[in-house]
Amino acid sequence: MIVAFSVSPSGGDPDGGVSEAVARAVKVVRESGLPNSTNAMFTNVEGSWDEVMDVVKRAVEAAGEGAARVSLVLKADIRPGFDSGQLEAKVERLEEHLR
């Protein structure tokens, strides 16, 4: 399973930034040991259903520290039989078509 998620607490700094809170969430993902990547919009994490959902839950909790409300956007690719290696493999298959 691959999950792409974005988490953001309400509030943030006076300019509306939430990078400090998002960094707490990304730290949880990176420390999980699961394959992951982060871009300007989402963090992707790969693993079993239980592993991934546990990491997402903990990341949401970390981002929401001190906030009254947290927003979570989550998209999942659930593909039985493909438990690992797809975070890079999917992109590699795409790149093959672009060559």
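Mentor: Helices are DSSP runs of H or I with at least four residues, and strands are runs of E with at least two, numbered from the N terminus. This is a predicted model, where local features need pLDDT of at least 70 and side-chain atom pairs pLDDT 80 or more, while totals for chains, interfaces and linings use all residues. Residues are numbered from 1 along each chain as its sequence is written, and side-chain values use heavy atoms, leaving out hydrogens and water.

Trainee: Got it. How many helices and strands does the protein chain have?

Mentor: The protein chain has three helices and four strands. From the N terminus, their order is β-α-β-β-α-β-α.

Trainee: And what share of the residues is buried?

Mentor: Of the 99 residues in the protein chain, 29% are buried, meaning under 20% relative accessible area with a 1.4 Å probe, protein chains only.

Trainee: What box do the C-alpha atoms fill?

Mentor: Along the principal axes, roughly 45 × 30 × 20 Å.

Trainee: Switching topic: how many cavities of 30 Å³ or more are there?

Mentor: One. A cavity here is a set of points on a 1 Å grid over the protein atoms alone where a 1.4 Å probe fits but cannot get out, and lining residues have an atom within 4 Å of a point. The volume is the space filled by probe spheres set on the points, which are joined across faces, edges and corners. For the largest cavity that gives about 40 Å³.

Trainee: Which residues line the largest cavity?

Mentor: M1, I2, D77, R79, F82 and Q86.

How values were computed:
1 Å grid on protein atoms, 1.4 Å probe; cavity = no way out; pocket = protein on both sides within 12 Å on 5 of 7 lines; lining within 4 Å. Buried < 20%, exposed > 50% of the residue type's maximum accessible area, 1.4 Å probe, protein only.
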